[in-house]
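Reader: I have a structure to read and some questions to ask. Can we go through it step by step?

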Amino acid sequence: MSIWWSLHLRREAASVPLARRLLLGAMETAGVDPDISYDLSVALSEACANAVEHGGGAERGASSEAYRVTAYLDGEKCRIEVADSGPGLAGPPVARPARADAEHGRGLYLIRELTDHLHIGGKPGRDGTVVSFDKILKWREDAPLLAV
C-alpha cells in the first residue's frame, strides 16, 4: 500500500493545524497506530511552524510566501518533507534540547526525538530549506489499508 499527498500552503499560522489534521486523517483512515500518528503529527507541526516563521525570503513574493508539505506512506514507513523558500541555513542545523522555559528552539530537537530519521538540507541551486523525517509505521489490527 502506498499513499502520498502534497500541499502548497501559505506561510500563515493557520496552515500548521491544517497540515496536521490532514496527516492525522489520512493516517487514521489507513489504519496507522494512533501513537505513531500522534508523534508524526507533532513533528509535522514543528516543521511547519519553522517554515512559517523562518521560511520567507528577503523579498516578499509568491515564492517566499508559501511552503510545501509532502507526505508518503509507503509500505512500512512514513516520510514527510517540509520545504520552504527562505534564505536557507546559515550553518549546520542545531537539533539540541532547549532550556525548559524557552519558548523557541525546540522544534528540530522534538522532530529528531519523535522520528526515526531526520535530515535537514537546502534545495540544490536555490534558496530554501528542506526538513525531511521518517518513522516506521505500526498498524491497528483492523487497519483497512494494511501494508503487505
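Author: We start with a term. A salt bridge is a side-chain nitrogen of Lys or Arg within 4 Å of a carboxyl oxygen of Asp or Glu. Keep in mind that this is a predicted model.

Reader: How far apart are the closest N and O atoms of Arg140 and Asp142?

Author: The cut-off for a salt bridge is 4 Å. Arg140 and Asp142 form such a bridge. Their closest N and O atoms are apart by 3.0 Å.

Reader: Is Asp142 buried, partly exposed or exposed?

Author: Exposed means over 50% relative accessible area. Asp142 has a relative accessible area of 55%, so Asp142 is exposed.

Reader: And which class does Arg140 fall in?

Author: Buried stops under 20%, and exposed starts over 50%. Arg140 has 25% relative accessibility, so Arg140 counts as partly exposed.

Reader: How many salt bridges does a search of the whole structure find?

Author: The search covers the whole structure, and the pairs above are among its finds. The total is seven.

Reader: Glu65 forms a salt bridge with Arg11. How many residues apart are they?

Author: Their closest N and O atoms are 3.6 Å apart, and both residues are buried. Glu65 sits in the loop between H2 and E2, and Arg11 in the loop between E1 and H1. The pair links distant parts of the chain, with a separation of 54 residues.

Reader: Which element gives the largest share of the largest nonpolar core?

Author: This core has 32 residues. Among the elements that give two or more residues are strand E1 (2–10), helix H2 (34–54) and strand E5 (126–136). The largest share is eight residues, and that share comes from H2.

Reader: Phe133 is among the core residues with the most contacts inside it. Which cysteine does Phe133 touch?

Author: Residues up to four places away in sequence are not counted here. Phe133 touches Leu40, Leu44 and Ile80, among others. Its list of contacts also includes Cys78.

Reader: Is Cys78 buried or exposed? And how many disulfides are there?

Author: Cys78 has 0% relative accessibility, so Cys78 counts as buried. Cys48 is buried too, with a relative accessible area of 0%. A disulfide needs two cysteine sulfur atoms within 2.5 Å. By this rule, the count of disulfides is zero.

Terms used:
Residues numbered from 1 in each chain as written. Predicted model: local features only at pLDDT ≥ 70, side-chain atom pairs only at ≥ 80, totals over all residues. Heavy atoms only, no water. Core = buried A, V, L, I, M, F, W, Y, C linked by side-chain atoms within 4.5 Å. Buried < 20%, exposed > 50% of the residue type's maximum accessible area, 1.4 Å probe, protein only. Helix = DSSP H or I, 4+ residues; strand = E, 2+ residues; numbered from the N terminus. Contact = heavy atoms within 4.5 Å.
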